[in-house]
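Welcome! Here is a short tour of a protein chain, arranged by topic for someone meeting it for the first time.

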Amino acid sequence: MYKNGFLKVMTATPKIIAGDIKNNEQEILNVLNNTDASVVVFPELTLTGYTTSDLFYQERTLDEALDSLRLILKNNKHEGIAAIGIPLDIKGGLFNVAAIIQKNEVLGIVPKYFLPNNQEFQEKRWFLSGHEANFNVVKLFGKEVPFGSIIFIEEEKKVAIGVEICQDLWSIKTPADDLAMAGANIILNLSASTELINKDSIRRHAVLDHSRKQMAAYLYTTTGMFESSSEALFSSHKMIASLGEMVSESESVSFEADELIADINVTMINYRRRQDSNYRESIFKNEIKYHEVNFTLKENNNFYFSNKVNQKPFVPEKKELEKTYNILTASLIKKLSTLPVDSRKIILGLSGGLDSAHALIIAYNAFKMMNLPLADLYAVILPAHASTSKSMLDAEELAKGLGLEPLVINIEESVNKHLKEINHDTKDVTFENAQARMRTLVLMDLANKYKGIVLGTGDLSEIALGFMTYNGDQMSMYGINSGLPKTLIQALITYYSNNKYKHIKDVLTRIVEKKISPELLDGQESEAMIGTYLINDFIMHYHLNSGLDEPKLIWLVEKVFTLSNSEATTYVNRFIKRFYSQQFKRTTMPEGPKLFDLSLSPRISYRMPSDIVRK
């Protein structure tokens with residue numbers, strides 16, 4: 001299945017019996033005829049079994065393998081691509097190859113290039129390396145079939161498949177390195193790997209690193225315990241990785257035939273490659289001449305995701321939350337340490353909301369680690385017209401819970417006086433922004449008074465949406481939250497409340513659970529105006545980090561959040577409109593720590609003119 005840049009793939013470990021080719025044929029057909037994955041990878045020497053040993057010399061073994069491959073082609077109902085391992089006799093020379101098939105056609109034959117010949121592996125006893133082949137076409141079933149260095153291309157859908165076999169992955173310079181430089185964005189590996197203590201970890205790191213450096217998806221399968229002997233246990237380890245991250249993974253030891261299915265975001269791979277200068281500089285330096293074989297994939301309107309799509313792509317595992325806390329603290333310590341000793345003071349506007357609560361916790365931790373006096377950490381509460389008593393009490397309780405004495409300055413009178421001076425009496429955007437700018441004015445003046453810096457509290461989600469006041473809360477000397485999406489800030493505060501800051505758990509819990517509001521108008525709720533941050537952060541990730549355009553985003557949001565097409569369209573169009581119209585606010589952003597590949601800093605990450613027009 002394929003839809004909107006998402007490709008369903010499978011790595012399979014059928015119940016292979018070494019030497020029982022008829023059984024293996026039926027096992028392969030059973031998998032192919034009962035899957036809707038567009039790409040299926042079988043283990044090395046699937047048809048004969050890897051441990052057939054000297055039976056590879058026998059004509060009967062080789063002929064039966066070819067007969068079974070012919071029958072698979074005849075009875076194959078699967079419409080996608082499949083890679084099947086088979087021994088192939090060419091003029092008396094044996095090659096360990098992958099036959100790449102689609103329906104009733106062999107698209108190409110890829111040989112194994114690096115043959116292990118030590119310990120339990122003695123492949124040079126039987127096989128020749130692909131490097132020994134001085135031909136690039138073989139005759140199979142009466143047709144000429146490409147052999148050797150091949151890339152299988154679905155041009156319209158921008159899918160390009162390359163193939164490795166087992167040891168190829170472990171060599172110093174792998175075939176996949178060259179394949180990736182030649183444009184392959186999905187690498188298949190047919191393996192027969194034994195299981196040893198800690199080998200699953202080594203294997204996992206190898207697959208992850210290949211998918212990272214090749215900027216591709218890497219699909220790995222192995223032959224399973226069915227090949228095992230009394231002295232060597234073969235692994236069932238299956239992995240599907242993409243861009244250095246594990247998409248799906250099986251157990252390394254299993255007593256059953258099984259399959260691993262996942263969905264690969266091909267659009268994201270291609271988008272990241274276009275962004276990466278090292279990849280771009282490598283693609284035309286490949287000296288290997290590849291045979292390009294074309295194939296087609298159907299677009300499936302009934303596409304479904306085999307693995308649940310993470311609705312919070314920015315929120316990492318628990319252990320990474322601790323690392324995030326440490327990175328942020330270290331970033332602020334670095335900023336403070338560059339200031340004169342008598343200027344290592346922070347002025348922070350504390351609203352009782354998520355962002356300012358998080359900024360205060362990081363500032364508090366930085367002060368503790370630097371042994372700075374907490375008296376130099378100024379938590380300033382600035383109530384105005386729409387500030388609720390609950391928020392003010394939460395802000396005060398949070399500050400005091402950290403051992404700080406908050407400074408309360410009511411700005412309502414100052415705002416009213418200013419609005420009267422400019423002859424404005426309507427509670428509109430001018431009224432709202434006047435409050436935000438008055439708060440910033442007070443904080444900046446306090447920074448001058450106490451010889452410190454204003455610590456900004458705005459987060460990455462608000463920055464992306466432009467949901468901030470220009471020359472108001474948009475401005476500070478350092479934006480500690482500027483690399484953090486709202487969903488991650490919620491997760492971090494929850495983590496703090498259950499771990500390092502249990503003594504203020506109650507107030508942190510209230511802050512996380514209450515409705516998000518800038519409190520500039522009575523009853524104001526942020527998500528009523530711009531939609532939930534959960535969905536906005538999801539769109540931000542898939543648009544800015546994965547390169548999905550509007551039609552793909554709408555389809556994905558509709559699928560993942562079970563929304564109507566109209567609802568998903570509203571979300572996506574609103575985000576896109578706000579993002580591209582608010583660049584002018586981002587061009588003057590203060591510095592702040594980068595936490596993800598995605599950053600909207602106009603200096604080191606995201607560059608776009610502020611007068612861009614996107615229709």
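## A first look

Arginine 204 has a relative accessible area of 24%, so this residue is partly exposed; buried means under 20% relative accessible area, exposed over 50%, and partly exposed in between, with a 1.4 Å probe and protein chains only. This is a predicted model, in which local features need pLDDT of at least 70 and side-chain atom pairs count only at pLDDT 80 or more, while totals for chains, interfaces and linings use all residues. Residues are numbered from 1 along each chain as its sequence is written, and side-chain values use heavy atoms, with hydrogens and water left out.

**Salt bridges**

- A search of the whole structure turns up 27 salt bridges, each being a side-chain nitrogen of Lys or Arg within 4 Å of a carboxyl oxygen of Asp or Glu.
- Arginine 204 pairs with glutamate 249 in one of these salt bridges, with the closest N and O atoms 2.6 Å apart.
- Arginine 204 sits in helix α4 (residues 199-213) and glutamate 249 in strand β16, so this pair ties together parts that are 45 residues apart in sequence. Helices (H or I, at least four residues) and strands (E, at least two) are DSSP runs, numbered from the N terminus.
- Glutamate 249 counts as partly exposed, at 30% relative accessibility.
- Salt bridges that share partners join Asp355, Asp459, Glu462 and Lys486 into one network.
- In helix α2, arginine 60 and glutamate 64 are four residues apart, about one turn of the helix, and they form a salt bridge whose closest N and O atoms are 2.9 Å apart.
- Arginine 60 counts as exposed, at 60% relative accessibility, whereas glutamate 64 is partly exposed, at 29%.
- Helix α2 also holds arginine 70 and aspartate 67, which are three residues apart and so separated by about one helical turn; their side chains meet in a salt bridge of 2.9 Å, N to O.
- Arginine 70 is partly exposed at 41% relative accessibility, and aspartate 67 is partly exposed with a relative accessible area of 39%.

**Aromatic rings**

- A pair of aromatic rings is described by the distance of the centres and the angle of the planes.
- Rings of Phe, Tyr and Trp (its six-membered ring) pair if their centres lie within 6.5 Å; planes under 30 degrees apart count as stacked, over 60 as edge-to-face and the rest as tilted. By this rule there are 24 aromatic pairs.
- Phenylalanine 56 and tryptophan 126 have ring centres 6.0 Å apart and planes at 65°, so they make an edge-to-face pair.
- That pair links distant parts of the chain, 70 residues apart: phenylalanine 56 is in the loop between β3 (39-41) and α2 (59-75), and tryptophan 126 is in the loop between β8 (121-122) and β9 (137-140).
- Phenylalanine 56 and tryptophan 126 are both buried.
- Tyrosine 325 and tyrosine 501 are edge-to-face because their ring planes lie at 80°, with the centres 6.4 Å apart.
- Here too the pair links distant parts of the chain, with tyrosine 325 in helix α7 (residues 318-337) and tyrosine 501 in the loop between α13 (486-498) and α14 (505-513), 176 residues apart.

**Charges over rings**

- Lysine 486 lies over the face of tyrosine 533, at 4.8 Å from the ring centre; a charge sits over a ring if NZ of Lys or CZ of Arg is within 6 Å of the ring centre and within 35 degrees of the ring normal.
- Arginine 574 lies over the face of tyrosine 571, at 4.9 Å from the ring centre.

**Strand β5 and its neighbours**

- Strand β5 (residues 93-102) is mostly covered, with 10 of its 10 residues buried.
- β5 pairs with strand β4 (residues 81-90) in the antiparallel sense over 10 bridges; two strands pair if DSSP finds at least two bridges between them.
- Proline 87 stands opposite asparagine 96 in β5.
- β4 and β5 form a hairpin with two residues between them, and lysine 91 in the turn has a positive phi of about 55°.
- β5 also pairs with strand β6 (residues 105-111) in the antiparallel sense, over six bridges, and alanine 99 stands opposite isoleucine 109 in β6.
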